[in-house]
Amino acid sequence: MEDQIDQIRKLVAEIGALMYARQLTDAAGGNVSVRCGEYIIMTPRYAGSKFLWRLKPENVLVLDLQGTKLDGEGEISREIRVHKDLLNKFYPDGTAVVHGHARNALVFCAAEKPIPSMLYATDKFGKEIGLVPDAPAHTQDLADYICAAIEPQLDRVRKQAAVVLAPRHGVFVFAKDLEAGYDALDRVEASAYCALMRKFIDL
């Protein structure tokens, strides 16, 4: 188990760096978590603003299922409630949460509008990516809203992932594994970009 946890911590750090490089998140936030047996592996608070998304495996936290830190350098993310609840309520259907501030998707979050599926590549997530009710990032309300929105989409999670938008906040992906979650975020961001750019074609 220890070797498996070490490998996941390394992968979480790599995925976080890739998200930042591809503008799927920013310095202001975003986080990644994976459930491994009775543990949750998660990026620390301030992964962007303090660590600049240059995380080392030892920076990635190891938590128990209640969200208590067991190992790792850094503080627990204030969005732990979302990650902990998804990974407890819907495991093993999903094992990973990817939350990003993807640049084009954020436009829809700010406008509180759903992202339409513009591509065959995003049809698997539904005709549009909808929004949950607005709630501060650190609250149980946000966790409850996201869990409620994900639960009817568990068939999508088993195949790849389900995606929701948090108003004025960002994109939350619950996925069968971390690679599937990253892939889903990237696809949804591409659909957001296409939706925005289409307005220029329609002028």
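Colleague: Which helix holds Asp155 and Arg158, and what separates the two residues there?

Modeller: Asp155 and Arg158 are three residues apart in helix 6 (residues 154–159), which means that about one helical turn separates them. Helices here are DSSP runs of H or I with at least four residues, strands are runs of E with at least two, and both are numbered from the N terminus. This is a predicted model, in which local features need pLDDT of at least 70 and side-chain atom pairs count only at pLDDT 80 or more, while totals for chains, interfaces and linings use all residues. Residues are numbered from 1 along each chain as its sequence is written, and side-chain values use heavy atoms, with hydrogens and water left out.

Colleague: How many salt bridges does the structure hold?

Modeller: Side chains of opposite charge can pair when their charged atoms come close. The criterion for a salt bridge is a side-chain nitrogen of Lys or Arg within 4 Å of a carboxyl oxygen of Asp or Glu. The structure holds eight. One of them joins Asp155 to Arg158, with the closest N and O atoms 2.3 Å apart.

Colleague: Which parts of the chain does the pair Arg22 and Asp186 tie together?

Modeller: The side chains of Arg22 and Asp186 form a salt bridge of 2.9 Å, N to O. Arg22 lies in the loop between helix 1 and strand 1 and Asp186 in helix 7, so the pair ties together parts 164 residues apart in sequence. Arg22 is partly exposed at 44% relative accessible area, and Asp186 is partly exposed at 21%.

Colleague: Which side chain of opposite charge is nearest to Glu189?

Modeller: For charge, Lys and Arg count as positive and Asp and Glu as negative; His and the chain ends are not counted. Glu189, in helix 7 (residues 178–201), is buried yet has no salt bridge, and the nearest side chain of opposite charge is Arg103, 6.8 Å away. Contact means heavy atoms within 4.5 Å. Leaving aside neighbours within four places in sequence, the contacts of Glu189 include Gln23, Leu24 and Arg103.

Colleague: Where is Gly29, and what does Gly29 touch?

Modeller: Gly29 is in the loop between helix 1 (2–21) and strand 1 (31–36), and is buried at 14% relative accessible area. Not counting residues up to four places away in sequence, Gly29 touches Trp53 and His101. The C-alpha atoms of Gly29 and Tyr46, 17 residues apart along the chain, are separated by 6.8 Å.

Colleague: How many helices and strands does the chain have?

Modeller: The chain has seven helices and nine strands. Buried residues make up 51% of its 203 residues. Of the contacts with a separation of 6 or more, 63% are between residues 24 or more positions apart.

Terms used: Buried means under 20% relative accessible area, exposed over 50%, partly exposed in between (1.4 Å probe, protein chains only).
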